[in-house]
Amino acid sequence: MPKYFTDFIEVSGHKLEVRIYKEYRNSIRFSIGKKYVIMRIPYIGMSSLQTHLKELEEWVQQRANKNPSVIDQLVPKSYQDQDQITILGTIYTLNLRAEDRKNISGKIIGETIIIKYPQNAARLPKNEAIKKVIIKLMTTAYLPVIKNRVHEINAKFFMEKIERVSLKYNASNWGSCSSKRNINLSSRLLLTNKNILDYVIVHELSHLKEMNHSKKFWAIVEKA
């Protein structure tokens, strides 16, 4: 049995997913996650659910009125043909092609990202699949660039031994440095700019000298 079930509310003209958890609790709790709205309710009769969903809808609308970005994070990204994506200052154009095929695939030619997908694919699964293809393509294409920049900054400011530099999609942080001297960077950095990228690299390289966030660590960051 799933831990939650799904319903939907409409806020500011957008249909938003709601994950509903029935728990041993005395009150109802609303919250906003990264991709969906969360409602936690006691084990009550289903006849009350629509009333609570209406209350939730009003609650989310009030927050959206104060901060419109609340809606942005809850509405799934919809990729369209000829959309543009900026990767570290370079603008790429999406070329989306619906074809009679079973799988989705992609490649980069110059500054065009060509993605072929099944013509009968549902909107939400298709968008998620396109996102994963774009991440994979860009991670592969830019890993050599990122590695080169890490070693360049290391040679200039740190002169430390690095075992491995990796680039992968990570939504929980921008980067990390392991005790094995591996520098791990989030591919989300590709959507920022070179100054931000350089700062995160400096931050993680500083951990090769100090594996903490002490005053000594921040002095190393500031010096670089």
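Q: How many bridges join strand 6 to strand 8, and in which sense do these strands run?
A: This is a predicted model. Start with the pairing rule: two strands pair if there are at least two bridges between them. Here seven bridges join strand 6 to strand 8 (residues 112-118), and the two run parallel.

Q: How does strand 5 run relative to strand 6, parallel or antiparallel?
A: Antiparallel: strand 5 (residues 84-87) and strand 6 (residues 90-99) are joined by four bridges. Ile-85 has Tyr-92 in strand 6 as its bridge partner.

Q: In what order do the four strands of the open sheet lie?
A: The order is 1-2-4-3, with mixed pairing. Strand 1 (5-11) and strand 3 (29-32) are the edge strands, since each pairs on one side only. From one strand to the next, the twist averages 30°.

Q: Which residue in strand 4 does Ser-31 stand opposite?
A: Ile-38. Strand 3 and strand 4 (residues 37-42) pair over four bridges, in the antiparallel sense.

Q: Which strands does helix 1 touch as it packs on the sheet?
A: Look for contacts, then for direction. Helix 1 (residues 49-66) touches strand 1, strand 2 (14-23), strand 3 and strand 4. The direction of helix 1 makes about 50° with that of strand 1.

Note on methods: Residues numbered from 1 in each chain as written. Predicted model: local features only at pLDDT ≥ 70, side-chain atom pairs only at ≥ 80, totals over all residues. Heavy atoms only, no water. Axes fitted to C-alpha atoms, helices over the stretch in contact; angles between N-to-C directions. Contact = heavy atoms within 4.5 Å.
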